[in-house]
Amino acid sequence: MGKSKNLIVMAILLILTFCSGYQMETRAEEHIDRPYTGMDEEGNIYAVESESGLVDETVTTYADEAQVVNFNTKGSAAVTEYTEAYTGNAGYTNGGYGADAAYLGTENGKVKFMLSGVVGYVNQDQVQIVKKSSTKSISHYKVSDGWIVHALTYNMNQTNYAGQIRVGKAPSYLVQGNTYYSYDGHYFYTDYSIMLEDYKAENRNRAVNAQNPYFNYFQYLPFRSMTSYNSDSLDASVEAMLSSMYGGGNSKLRATGNSMIQNQNTYGVNGLLMLSIAANESAWGTSSIAQNKNNLFGLNAVDSSPGTSADTYADVNTCIKNFAQGYMSKGYLHPSDWRYFGGFLGNKASGVNVKYASDPYWGEKAAAIAWNLDEKMGNQDQFEYTIGIKDVLSTNHNNYPIYMDSNSAAASYQSKNQSTTAYLILDSQSENGLYMIQSDGLINSSKTGLDASSGVYDFENMHAYIGSSNLVIVNEGRELTGVDAFRDVISGGWYYDYVKYVYDRGIMTGMNGRYFGVAENLKRAQFATIIYRIAGSPEVKYEPVFWDVPDGTFYTSAAIWAQMNDIITGYTSDGSFGGGDDITREQMATIMFRYAQHCGYDTSQRGDISMYPDATNVSGFASEAMQWASAIGLIKGDNGMLNPQGSASRVHCAAIITRFMEFYKL
């Protein structure tokens with residue numbers, strides 16, 4: 001009898017385990033059922049009361065007979081699962097965030113609908129089919145001051161709209177004063193009934209933009225891109241938003257710009273988009289989960305207990321790294337991961353939104369915040385990249401091969417079959433019928449397939465190829481060359497001319513082809529390479545002059561040449577080169593002083609550095625060099641201080657090198 005009981009218990013456990021696994025494959029539990037929030041045009045996030053929105057059919061406001069699917073039928077338990085019509089993929093949505101969907105008919109006891117781009121089937125007992133004339137509000141789009149605004153209804157029994165989302169810049173075919181309907185956000189209709197007829201016929205022939213689908217730039221910008229803003233700009237924009245919305249207030253989102261940029265550069269996740277998601281998930285860093293657990297992204301906030309179960313982090317920087325590395329680079333952005341439906345914000349048809357959030361307009365809201373932040377920082381990011389879309393219509397679901405190079409015979413991975421999938425096109429001139437794209441997946445070192453072991457992403461080398469005929473270009477990015485190709489170099493920045501000077505001469509080439517490293521501290525290895533390039537990169541033979549400089553690194557020749565010419569002597573304490581250490585201001589002055597002497601330049605100039613309050617902090621080895629550097633204007637102080645042991649950013653180095661070369665007319 002005891003043995004039978006044990007077998008029964010084991011069977012129950014196996015069933016529960018199977019069901020649990022199935023549930024996990026259906027939806028990503030960590031992001032479901034946050035407290036209900038709304039958003040206005042300025043990106044303000046506010047609490048919204050959750051309640052059942054069953055429609056009273058006796059109310060008649062409109063005369064038409066078009067029908068609507070009501071997903072807000074269960075109040076706080078509003079998560080509703082469905083099956084995508086053309087793929088069989090399992091999905092879920094939350095009627096508390098978007099009540100209405102287009103009714104496309106009933107088949108085999110299932111209600112067919114379109115909502116947030118996805119066409120699906122849902123059990124009849126989970127939703128309500130109502131006449132549009134029986135509703136008091138229906139989600140729609142309008143144009144306001146040049147922007148598309150999406151009015152979202154959370155409850156069709158109410159006349160107010162809990163969301164007024166500023167989607168993006170309005171195209172010319174949308175006119176202020178008109179009301180437009182759309183359940184994919186790409187094709188717009190002035191007549192609700194005609195929209196339904198087109199949806200049922202699986203075309204968009206009578207949309208006002210039938211030949212020109214709209215794709216919200218930030219909503220479809222792949223995460224494998226870079227913001228052009230530095231950490232200071234991100235922090236200032238957050239401060240401006242907090243000041244306007246919360247009167248300043250206490251926010252865990254403050255001073256996170258540096259972490260956003262560092263993790264972008266390491267794990268390949270756009271810093272502006274990460275910041276926008278964090279703002280949306282944490283109500284600009286003011287939510288209880290953010291305040292009490294340093295959790296900006298609601299990570300592991302399960303649907304049954306979002307506040308209790310959410311992960312706790314030692315600090316917000318740890319949370320940001322975990323999000324960028326574990327959740328994004330190795331997870332939602334990786335084609336081998338079950339949560340991958342495209343590497344962009346998206347909606348319920350494609351993108352991170354498919355599995356990240358039950359809110360069908362989560363991606364649109366995060367994109368709206370990106371638009372607001374970009375506007376506050378000078379509109380530098382919008383429309384920067386060229387974006388191509390696979391399967392523009394939600395009825396198309398092709399699975400295309402993706403190659404590692406333009407001559408590959410075999411695919412390295414697949415696009416998967418989700419519709420409206422965005423890719424970042426690196427070269428709009430096709431090669432062998434293929435576009436070069438930024439790979440969503442992490443490519444292994446041999447470039448034979450994918451590898452998600454570390455999550456570290458190399459923008460310069462992780463390129464892939466897809467058939468050019470498989471994509472429709474929806475945004476022609478700015479084809480930038482030279483220093484302007486660096487996404488983090490702003491043309492109006494104080495450092496622009498200095499960066500251009502050293503870049504045009506091949507002295508500083510950037511961290512990669514799209515990132516100069518404006519806010520990055522300069523390393524000793526990098527500075528040795530810069531001086532070596534100024535000298536014309538003379539040929540040297542490898543010798544183990546420093547125990548920590550092996551043969552074959554990018555700075556090996558530079559370190560050997562500099563040591564042999566007494567320009568860089570290394571650390572006297574242990575004989576190391578210390579290539580990975582930040583270079584200090586006094587080290588930089590000393591190396592340049594020695595190089596000038598090596599070249600036979602006049603180095604007799606001396607400046608009075610005693611005027612600086614911290615002049616006594618200058619090391620003995622650097623005293624003469626610092627006096628020389630001050631005299632010829634290489635070093636002009638740091639907020640009134642010499643700061644001799646302070647680090648130097650890459651742009652400050654560009655400024656100093658430019659001054660040096662101009663002074664000696666090189």
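This report describes aromatic ring pairs, charges over rings, and cysteines in a predicted model.

**Aromatic rings**

A total of 36 aromatic pairs is found in the structure. One of them joins Tyr183 and Tyr192: the ring centres are 6.1 Å apart and the planes stand at 90°, so this pair is classed as edge-to-face. The cut-off behind that class is an angle of over 60 degrees between the planes. Both residues of this pair, Tyr183 and Tyr192, are buried.

Ring pairs also build a cluster. Its members are Tyr532, Trp561, Phe593, Tyr595, Tyr601, Trp628, Phe660, Phe663 and Tyr664.

**Charges over rings**

Aromatic rings also meet charged side chains in this model, as at Tyr332, where the charged end of Arg339 sits over the ring. Likewise, the ring of Phe516 has the charged end of Arg650 over it. The table lists the distance from the charged end to the ring centre for each of these two contacts.

| Charged residue | Ring residue | Distance to ring centre |
|---|---|---|
| Arg339 | Tyr332 | 4.8 Å |
| Arg650 | Phe516 | 4.8 Å |

**Cysteines**

The number of disulfides in the structure is zero. Cys653 accordingly takes part in no disulfide, and the cysteine sulfur nearest to it belongs to Cys599, 16 Å away. A disulfide would require the two sulfur atoms to lie within 2.5 Å. Cys653 has a relative accessibility of 0% and therefore counts as buried. Cys319 is likewise assigned 0% relative accessibility, so Cys319 counts as buried. The cut-off for this class is under 20% relative accessible area.

Notes: Residues are numbered from 1 along each chain as its sequence is written. This is a predicted model: local features need pLDDT of at least 70, side-chain atom pairs count only at pLDDT 80 or more; totals for chains, interfaces and linings use all residues. Side-chain values use heavy atoms; hydrogens and water are left out. Rings of Phe, Tyr and Trp (its six-membered ring) pair if their centres lie within 6.5 Å; planes under 30 degrees apart count as stacked, over 60 as edge-to-face and the rest as tilted. Buried means under 20% relative accessible area, exposed over 50%, partly exposed in between (1.4 Å probe, protein chains only). A charge sits over a ring if NZ of Lys or CZ of Arg is within 6 Å of the ring centre and within 35 degrees of the ring normal.
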